[in-house]
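Trainee: Could you take me through one part of this model closely? I would like to follow a single chain and see how its pieces sit together.

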Amino acid sequence: MALTIKEVEHVAQLARLSLTEDEKVKFAEQLSSILDYADTLNAIPTEGIEPLTHILPIRNVFREDQVEPSMDREEILANAPLAEDFQYKVPKIM
Amino acid sequence: MELHELTVYELQELLAAGKTSSAEIVKSVLARVDAVESEVKSFITVTGEQALEKALRLDAQGHYQGIAGIPMGLKDNFCTRGVKTTCGSKMLANFIPPYESRASRRLDQQGGVLVGKLNMDEFAMGSSTENSAFFTTRNPWDLTKVPGGSSGGSAAAVAADEVPFSLASDTGGSIRQPAAYCGVVGMKPTYGRVSRWGVVAFASSLDQVGVVSKDVRDNAMIMQIIAGHDPLDSTCVNLEVPDYMAGLDGSVKGMRIAYPREYFGGGVDQSVRDLVMQALQKYEELGAIVEEVSLPYSQYALPTYYLLAPAEASANLARFDGVRYGYRDRDAENVVDMFSRTRDHGFGDEVKRRVMLGTHALSSGYYDAYYLKALKVRRLIADDFTKVFNDYDIIISPTTPTAAFGIGEQSGDPLTIYMNDILTVPVNMAGLPGISIPCGFDRGLPVGMQIIGKAFDEGTVYKVAYAFEQNTDFHTIKPKLGVR
């Protein structure tokens, strides 16, 4: 199924990617060819087949709610692009 | 033989006999890295100074247990406390983790000596290391060829004798395919066998940690250390880890080995098919029962994978927003603009492609047609394996359709390069253990054979792999680096 430039823009917006015009054209073409390939799955009848989300029989794992040492705040903030007073600093939100 | 050429097992013997020290081994390995790294380019970071310090500390204790004193490398998506972890991405080019991955911590605590972090396709997405944001690793057997990927650095470093073993991760073939291309042993255990805690996530229902080594015995020995329950990874199962080394007796007598006809089809090079068929004959000579079977839905594994893995990746990679760590675009005026510009500039093309593909497959209006459909087909693919394993102990196939391809040869069309994983992806879909071991050469390049086992039966996979290794010498042949 061919993706239009408009659809690529929509997906990029959902994925928070600010694509250039050239990227939009390139990705529209490449994503379309991958989706065409994915469409080969339509040949398989799957009515009544239970979707397999996880290969293991997954159950919730619980533990005792015990206080344990957490990671060092300064060490973690050392990776922050911008921090002030032990807080992450970002450009204006509104 | 120089120390850097030896296996883990051989190094352990020398250490135990007092014939060498960890410092001597580490120096030999670092000298080898110095000598060949300009050609192979496996390492993103070399931790030589720290390695030597730790080796000297271990030597001072005067005795060595397990892997104490043995050098190792880690794919650069294993978080290493205090050591840069880039994931092959500009996004994490300066990221220094405040914690250590569980698998590498287990090795570290047992005295394993980290000598460096190894190159990979960005966020483990790729089959050649050409998607690394930094450089492309070269195949030690032929420097014009790719080493495979995404764990190309992990495989090339072992093949080039730069480290005796390395850890890597495998989501659709990222351990087995480069192991095949570089002529080394690469094991992806059962999903849930090894903790993924501290390994940068790509597709969480498929990712698994494994080992690249020079031979099967070393691989089993390292797996023994990293496998087992971890409360920090809720998908890491609480099952006893059997003694893998105890099963390495060279015997396959009476074992039932299946080879799926779909894995020997027209898309697979004749020379690759011939080599794996010869290996199957060898197993027959050794007393195994070898029969053809069918895995009809495996042909749909690749399109299924390219919906499910990107879908999971699009969710996992949402965390890279320039706020808490990693790259940030400094010119944005508001926060949403900052997210979008950071992600466009911080991610490479393949990552962007997959994030968009996954976002599309999960988006309103397409979820049922793509994501849900793929989950149903995934069940059919996994059920195929279950049926065959009702009657057989092991499944054998080629690891890849061809030997290593040329650098730049497949970079034009994403779909072409995806085809390299067509024989490894089904195994991740079913969560099964699979190993690639060398089974011959095609025009001077190594060819890998894939041995697939039942869930949590890594022991039988190792046993069967070891029996082949004991009766052949492919694993002892090394690339002639530096004497071109």
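Mentor: Here is a walk through chain B, with a stop at the side of chain A that touches it.

Please keep in mind throughout that this is a predicted model. Let's begin with helix α4(B), residues 102–109, which is mostly covered, since six of its eight residues are buried. Those six are Arg102(B), Ala103(B), Ser104(B), Arg105(B), Arg106(B) and Leu107(B). After α4(B) comes Gly111(B), with a positive phi near 100°.

From there, turn to the largest nonpolar core, which has 168 residues. Val212(B), Ile451(B) and Ala465(B) are the members that touch the most others. Setting aside neighbours within four places in sequence, Ala465(B) is in contact with Val216(B), Ile435(B), Ile437(B) and Ile451(B). As general background, nonpolar side chains in soluble globular proteins tend to be buried together.

Next, look at a pair of strands. β7(B), residues 256–260, and β8(B), residues 289–293, run parallel and are joined over five bridges. Within this pairing, Ala258(B) stands opposite Glu291(B) of β8(B). To get from β7(B) to β8(B) the chain passes through helix α8(B), residues 270–285, in a right-handed β-α-β crossover.

Buried along α10(B) are Met338(B), Phe339(B), Ser340(B), Thr342(B), Arg343(B) and Gly346(B).

Now for the loops. Leu423(B) lies between α13 (414–418) and α14 (425–430) of chain B, and it counts as buried because it has 32 C-beta neighbours inside 10 Å, where 20 or more are needed. Leaving out neighbours within four places in sequence, Leu423(B) is in contact with Tyr263(B), Gln450(B) and a run of residues made up of Ser397(B), Pro398(B), Thr399(B), Thr400(B) and Pro401(B). The C-alpha atom of Leu423(B) is also 8.9 Å from that of Gln299(B), although 124 residues separate the two along the chain.

In general, most residues other than glycine have a negative phi, and most peptide bonds are trans. Lys41(B), which is not a glycine, has a positive phi of about 55°. Lys41(B) sits in the loop between α2 (22–40) and β1 (43–46) of chain B, and is buried because it has 23 C-beta neighbours inside 10 Å. Arg443(B), also not a glycine, has a positive phi of about 45° and belongs to the loop between β10 (434–442) and β11 (445–453) of chain B. Arg443(B) is exposed because 7 other C-beta atoms lie within 10 Å. Finally, the peptide bond joining Gly149(B) and Ser150(B) is cis, with omega about 10°; Ser150(B) is in the loop between β3 (113–118) and α5 (152–159) of chain B.

To finish, consider the partner chain. Here 43 residues of chain A are in contact with 55 residues of chain B. On the side of chain A that touches chain B, α1 (5–14), α2 (21–38) and α3 (73–77) of chain A each supply at least two residues. The largest share, seven residues, comes from α2(A).

Definitions and conventions:
Residues are numbered from 1 along each chain as its sequence is written. Chains are lettered from A and ligands numbered from 1 in the order in which they are written. This is a predicted model: local features need pLDDT of at least 70, side-chain atom pairs count only at pLDDT 80 or more; totals for chains, interfaces and linings use all residues. A residue is buried if 20 or more other C-beta atoms lie within 10 Å of its own, exposed if 12 or fewer, and partly exposed in between; C-beta atoms are placed from the backbone. Helices (H or I, at least four residues) and strands (E, at least two) are DSSP runs, numbered from the N terminus. A nonpolar core is a set of buried Ala, Val, Leu, Ile, Met, Phe, Trp, Tyr and Cys residues joined through C-beta atoms within 7 Å. Two residues are in contact if their C-beta atoms, placed from the backbone, lie within 7 Å. Two strands pair if DSSP finds at least two bridges between them. A crossover is right-handed if, with the strands pointing away from the viewer, the path from the first strand over the helix to the second runs clockwise.
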